[in-house]
Amino acid sequence: MIYRSWIAILAGAGTTDHILNRRTIVVLKSVRKGRTGICKGVNMTSTFENIDCDQGMADLEIGSVDHIFTDPPYLKDVWEEAYQTLAINSMILLKPSGFLFTYCPQYRLSDVMGILEGAGLQYYWVIPVLNQNAGTGVVWARNAICLYTPILVYQNPPIKKAPMVFEDVVRGMCQKAYHPWQQSIHDVLGILCRFAISGETILDPFAGSGTTLLAAKLLGLEYIGFEIDPDTYRIACQRLEQQPLDLRQFCEVEA
Ligand SMILES: C[S@@+](CC[C@H](N)C(=O)[O-])C[C@H]1O[C@@H](n2cnc3c(N)ncnc32)[C@H](O)[C@@H]1O
């Protein structure tokens with residue numbers, strides 16, 4: 001079913017080209033052809049809970065998570081605690097050489113890298129997400145027009161190279177239909193399909209509208225998610241429960 005709607009979208013490329021991100025199509029094509037090592041699977045053990053991630057992560061088994069992909073809250077009073085919780089739990093929950101991918105605002109880069117490295121995580125790379133719709137976001141404290149968001153890539157030691165060669169710039173899209181802080185699903189797909197392999201489990205402790213979890217589901221990976229806000233949690237559940245998983249909705253193509 002998913003495959004058919006995907007083909008239908010490609011067939012109508014003239015009308016959808018401007019909306020569908022070409023890179024995502026390439027990713028999905030290679031997933032369908034089994035090139036990425038990720039198979040389409042039923043997410044048998046995936047879970048998503050409406051609780052504080054501190055509590056949720058305390059119940060997970062040590063060393064049980066393959067990779068973490070997340071986007072912590074940036075707000076003034078909470079960001080530091082959020083990144084600290086993330087750093088400590090990454091060290092506890094990630095398998096050896098498991099990757100942590102975390103969005104990080106430009107103006108907090110130095111602090112966040114300090115927190116992650118202070119917990120014992122090892123720096124791997126930075127992936128800038130170029131936001132095609134950006135240009136209005138001036139950071140007045142620096143007089144900078146911010147055209148990209150960094151995704152920090154860290155690893156639970158020891159450093160082990162990614163399973164596939166990856167391009168280190170992501171050309172994202174601005175997608176805010178479900179949540180004001182929503183990130184583009186194309187970012188997550190493009191990265192996970194290079195770094196994760198079949199059967200692996202992806203954790204997003206700050207799941208928001210469920211973008212990471214939805215990408216994992218589409219790629220046939222297992223996921224574990226936590227979201228503290230009940231309204232946002234409900235939105236994420238609706239996205240995850242789409243049946244059948246319609247790629248047009250998934251790619252947020254406007255009707
Ligand atoms: C930046 S948003 C994530 C947006 C997400 N990437 C998306 O695409 O929708 C951060 C989310 O973390 C949630 N959050 C904040 N503190 C939390 C906590 N302690 N446990 C779980 N979720 C939390 C917020 O409610 C918010 O939805």
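**Sheet and helix packing in a predicted model**

L213, L214 and K217 in helix 8 meet A236, R239 and L240 in helix 9; a meeting here is a contact, with C-beta atoms, placed from the backbone, lying within 7 Å. By class, the residues of this contact are four nonpolar, no polar and two charged. Ala, Val, Leu, Ile, Met, Phe, Trp, Tyr, Cys and Pro count as nonpolar, Asp, Glu, Lys and Arg as charged, and the others, Gly among them, as polar. Helices (H or I, at least four residues) and strands (E, at least two) are DSSP runs, numbered from the N terminus.

This is a predicted model, in which local features need pLDDT of at least 70, side-chain atom pairs count only at pLDDT 80 or more, and totals for chains, interfaces and linings use all residues. Residues are numbered from 1 along each chain as its sequence is written. The average pLDDT of the chain is 81, and 75% of the residues score at least 70; pLDDT is the predictor's confidence in each residue, from 0 to 100. Residues 1–21 have a pLDDT below 50, and this stretch has 22 contacts in the model beyond near neighbours in sequence. For residues 34–43 the pLDDT is below 50 as well, with 22 contacts beyond near neighbours in sequence. Where pLDDT is low, the predicted coordinates should not be read in detail.

Two strands pair if DSSP finds at least two bridges between them.

Strand 4 (residues 122–131) runs antiparallel to strand 7 (residues 148–155), and eight bridges join them. L130 has Y148 of strand 7 as its bridge partner. Strand 4 is also joined to strand 8 (residues 170–172), by three bridges and in parallel; here N131 stands opposite G172. Strand 7 pairs with strand 3 (residues 94–103) as well, in the antiparallel sense over five bridges, and F101 stands opposite V153 of strand 7.

Axes are lines fitted to C-alpha atoms, for helices over the stretch in contact, and angles run from 0 to 180 degrees between N-to-C directions. Y83, Q84 and A87 of helix 5 make the contact with V112, I115 and L116 of helix 6. These residues divide into five nonpolar, one polar and no charged.

I185, V188, L189 and L192 in helix 7 meet T211, T212, L214, A215 and A216 in helix 8. This contact has seven nonpolar, two polar and no charged residues.

Helix 8 (residues 211–218) and helix 9 (residues 230–240) pack at about 15°, their axes 9 Å apart, so helix 8 is roughly parallel to helix 9.

Terms used
Parallel < 35°, antiparallel > 145°, perpendicular 65-115°, else oblique. Contact = placed C-beta atoms within 7 Å.
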